[in-house]
Structure formats: C-alpha cells, structure tokens
Amino acid sequence: MKKTLLSVLAGLAVIGSASAAPTPEDRKALCDLLIQKKTHVWVEKTQACIPADPCGNGVNDTIRSAYCLTDLGERFVFRDVDGLVDFVKRYTEKVLKAPDPWPDMLYGIAPQPDGYKGVYTTKTADLGFFGFNYEIREKGPLVNRKPVCLVFGRETSAGAGCKGVESEQECTDMFDFYNLLSKDFNTPNPVYDEQTKVCIF
C-alpha cells in the first residue's frame, strides 16, 4: 500500500511539473489518503498536509520547526492535565491569536504509540496545528521554562528563564504563570536584567 501510494504521489508530481501546479484541493484529496491511515493531518490555515506527529525523528526540519514546539528528545513537564490544558489555551490565544469568543476548541490531546501528543486548535484546525512531547509528573522539579517563554512569545535563555523580555512586569507575569504550572509558590522571586532583557525564574 505504501509503495503504491508513493508511486501515485510521484506520478502526480511528474504530471504536475508538466502542467499546472496542484491546487489546494488536489493536495487535500491526496492528504485524505494519508489521513485515513492516521499518519497525517490537513492544516487548513496553511493548506498543508503534515505528519500527525510533527515532532518525530524522521520529520523534515522545515515541518518540525513550523509545527513542533519541542526540540528532538525534549519533553515539557506538567503537574497535571489542567496545567497542560492551560498552557494550550494560553498558547492558542496569545500566539495563534484565537478570536474572541473562542471557536469550538479541541485541546486534545491525541496519544500516539510513542507517547507523542498532538493538539488541534479547532475542529477544522483552521487556527493551526501544533504538537509537542510532554509528560505529567506530580513530584520532582518542574524544570521546563520553555512553555512559559512560548506563551509570552519569547525564547528560552541559556539559564533558567526567557530572553527578549521587555519589562520587569512581563518578567513577573512569566514568573506567576510558571508558579501556576509548577504549583510551587515558594520559589525565589524572578530576576530581570534590563540591559540583556533576560528574565530568570
């Protein structure tokens, strides 16, 4: 089946190069074959057919950087599913710019055999699609700062915090969200460096 499908795709690529480029409808029709096999999803926002696990080992770097929030082998750690859902809601609202009132959201959290979880942001995925690897860990240190940085549209710093932070207030807001996820309100206060724009928490 896989060889047949690849042959069909290759044949269509040759035909497409000799005539007009495939339309989004053509690409979606081809993607439907892969969706039926549960290996791919169609992202309406970008008109793209991407692997259901954009974080997998064999995924193209361009797809990984566009749709996967975690680096290879990286896992976000949450205390509970509520923290995970809160992260997804905030990321969808602040980064993907979900309209208000929100459409019918799917937070879900679709397990794959290797433990990967995918998140569709709406039933039609018209706001986008993203994936990441995570685990629920009730005890032990919550070391991940990256989910916090992502929600605020910032990059993780070399230390335990985020860079590109614009103000001390933003740093405090990041710290508050981190405490909400970690459920540890006894952590030291954040440190904001106005010159380097780094927030350490």
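Helices here are DSSP runs of H or I with at least four residues, strands are runs of E with at least two, and both are numbered from the N terminus. The structure is a predicted model, in which local features need pLDDT of at least 70, side-chain atom pairs count only at pLDDT 80 or more, and totals for chains, interfaces and linings use all residues. Residues are numbered from 1 along each chain as its sequence is written, and side-chain values use heavy atoms, with hydrogens and water left out.

The expected span of a helix is 1.5 Å times one less than its number of residues; for the 14 residues of helix 4 this gives 20 Å, which agrees with the 20 Å between its end C-alpha atoms. At the start of helix 4, a side-chain oxygen of Asp-80 comes within 3.3 Å of the backbone nitrogen of Asp-82. Helix 2 (residues 24-36), with 13 residues, reaches 18 Å from its first C-alpha to its last, close to the 18 Å expected, and just after this helix Lys-38 takes a positive phi of about 65 degrees.

A nonpolar core is a set of buried Ala, Val, Leu, Ile, Met, Phe, Trp, Tyr and Cys residues joined through side-chain atoms within 4.5 Å. The largest such core has 26 residues, of which Leu-69, Phe-76, Phe-78, Phe-87, Tyr-91, Phe-132 and Phe-201 touch the most other members. Two or more residues of this core are given by each of strand 3 (76-78), helix 4, strand 6 (129-132), helix 5 (146-151) and helix 6, and helix 6 provides the largest share, six residues. Another core, of seven residues, lies apart from it and includes Ala-48, Ile-50, Tyr-67 and Phe-129.

Glu-74, in the loop between helix 3 (61-67) and strand 3, counts as buried because its relative accessibility is 19%. A polar atom of the Glu-74 side chain lies 2.7 Å from the backbone nitrogen of Asp-71. When residues up to four places away in sequence are not counted, Glu-74 touches Leu-69, Asn-133 and Lys-146, contact being defined as heavy atoms within 4.5 Å.

Two strands pair if DSSP finds at least two bridges between them. Strand 1 (residues 40-43) and strand 2 (residues 48-51) run antiparallel and are joined by four bridges; Val-43 has Ala-48 as its bridge partner, and Trp-42 has Cys-49. The hairpin of these strands has four residues between them, and in it Gln-47 takes a positive phi near 55 degrees.

Strand 10 pairs with strand 11 (residues 198-200) over three bridges, and the bridge partner of Tyr-192 in strand 11 is Cys-199.

Key: Buried < 20%, exposed > 50% of the residue type's maximum accessible area, 1.4 Å probe, protein only. Polar contact = N/O pair within 3.5 Å; in protein donor to acceptor, adjacent residues only side chain to side chain.
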